[in-house]
Every structure is written in structure tokens, then in C-alpha cells.
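The sequence and structure come first.

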Amino acid sequence: MSTVHSKTKIVGRFFVVAGFLALTLTGCASSGVAQSGVVTPSDAGNSAELPESSADPAVAEPTGCPATAEAMPAGATSAQIADIDDDGENDTAWFDETTSPFTYGITTASGATFTLPDDLAGPGRHSGWTAALHNGVVVTVLDDSRGATLHAIVECGFVTPIGVDARPYTFDMQNSHNNGTGVGCLEVDDGLELNGLQVTQNRDDSYSLLATGISVSADGLTAINGYTAVSASLAADDPRVAEAQTSSCGDAAVVSTSGR
């Protein structure tokens, strides 16, 4: 993953930057923005009667992504996810491995389908999940167990955030570049924050876990690293050690290909 240098202070066994909370991976929820319409006379001083309107100004306009002709393909692996377009209905994430490259998609309860090509080249199982962050940005992460790509859902479509290196933001899943072993969600004061994770084994067979907070802009176009935090001397059977070697977001549904 992209890196940004920051100053760190030591507190007990933790190195903390920018108010880091406990390293506990947790579930993800989603949110959206509703729009409303109000009928207003154009000339309040005009005594002429205004034509009657069938629209009720007190009723909000429908929310949710508009329906599309495209739909989830038959045979795709799918799972129900939280509402991502603010229509109050759960939506569906899916993975189709009959295409080349594989295709990850979202189909909303309102009938909209939007898709994302999975350009990762790993020969094994490919997985993906979608969840909302604390700032309301809905993100999707795809991985092939070797690396992962970051995407955001904005205005009923996928966009790919760019990192400080002017390239699409990506994650290392096998520490091949010595900067990551996984992706997760960390609970912060106002919701969930995306984290790049790196777990390494110490000489005494314990493990150290580095978490880097990642901020994705509201328009989904940029992603930058924020605080970093290290939890040292974790036991080998500590759940955080295993979770830091996966791509997941608590109880957000993960959909995968067969791995064939």
C-alpha cells in the first residue's frame, strides 16, 4: 500500500498517531443521501390562482439508484449486503467468473446494476466486499490473496481512488514489498475506517501488527494514508494475527470465485 510518513509517539506497548483506538476489526454498515423536492410559487404577490399539482411537496422524492437494463448474471456468486443507495432496502454484491477478466458487481433493490472488472492476475480465489466508511464513502476492495485494489461507489457507479504516487491505490497481501499483509476495517469514534494491515513475526515467535488508516475522499477520487499504530507482542493465536492476513471488513459479506 502507499505510505505517508508521520511522527509517532510511544504509549506503553503501542505506537499511536492521531488518536488510534483499540485494534479491533468490526462490522460495517452503509448510508446514503436522500433528496427532497418542494413546490414553491414563482410569484408570491400574484393573486391569480396557481394550477393544482398532483405532487405532494411534503413527500421526499424516491431514493435509490435508477434501474438499469443490466442485471446480475445467472450463476454469479452473490451475497446480500447493507443498503448502499439509501432506499431502505438491502442490496446484493456478486462475483462472475465466466468473464475475462472476472467481474464484480452490485445490484441494488431498486434494480440498478453496476460492475467492476477484476484486473488482478492471481491464479487462485478472488474475493470482494463492499462497505461504508465513517465519512459515508462506500468502498469496495477486491483481492486475489497476493494483492488488493481499492474502489469507491459514487453516484451509482465505481471509481478508483488514486494514491499519492499518482497511481491507483493498491494493497500488498503477502508483504512482497514489505508494506502489507491484509486489509481491514477499524472502529473509530464516528464509525469505521479503512486500514491497511501488516503483521510480522518477532524473534520470540510473537507478532507485531502495524495498522495504517486510509482516508478516501468523498468523491472517491483520492486515497491517502493517515495515522499508523503498532501493537507489539501478539500471541500467535491472537485473532488479529490471522485477520491481518486477509481482506475483510468485520461482518460485511465477502463474495468469491471458486478458485479454479
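Arginine 240 and aspartate 238 form a salt bridge, with 2.9 Å between their closest N and O atoms. The structure holds one such salt bridge, a term that requires a side-chain nitrogen of Lys or Arg within 4 Å of a carboxyl oxygen of Asp or Glu. Arginine 240 counts as partly exposed because its relative accessibility is 23%, whereas aspartate 238, at 16%, counts as buried. Buried means under 20% relative accessible area, exposed over 50%, and partly exposed in between (1.4 Å probe, protein chains only).

The model is predicted: local features need pLDDT of at least 70, side-chain atom pairs count only at pLDDT 80 or more, and totals for chains, interfaces and linings use all residues. Residues are numbered from 1 along each chain as its sequence is written, and side-chain values use heavy atoms, with hydrogens and water left out.

Threonine 130 lies in strand β7, which spans residues 127–132; strands are DSSP runs (E, at least two residues), numbered from the N terminus. Its relative accessibility is 5%, so threonine 130 counts as buried. Leaving aside residues up to four places away in sequence, threonine 130 touches Ile81, Ile84, Tyr104, Ile106, Val138, Val139, Thr140, Ile153, Ala252 and Ala253, where contact means heavy atoms within 4.5 Å.

| Partner side chain | Distance to threonine 130 side chain |
|---|---|
| Tyrosine 104 | 2.7 Å |
| Threonine 140 | 2.6 Å |

Note on methods
Helix = DSSP H or I, 4+ residues; strand = E, 2+ residues; numbered from the N terminus. Polar contact = N/O pair within 3.5 Å; in protein donor to acceptor, adjacent residues only side chain to side chain.
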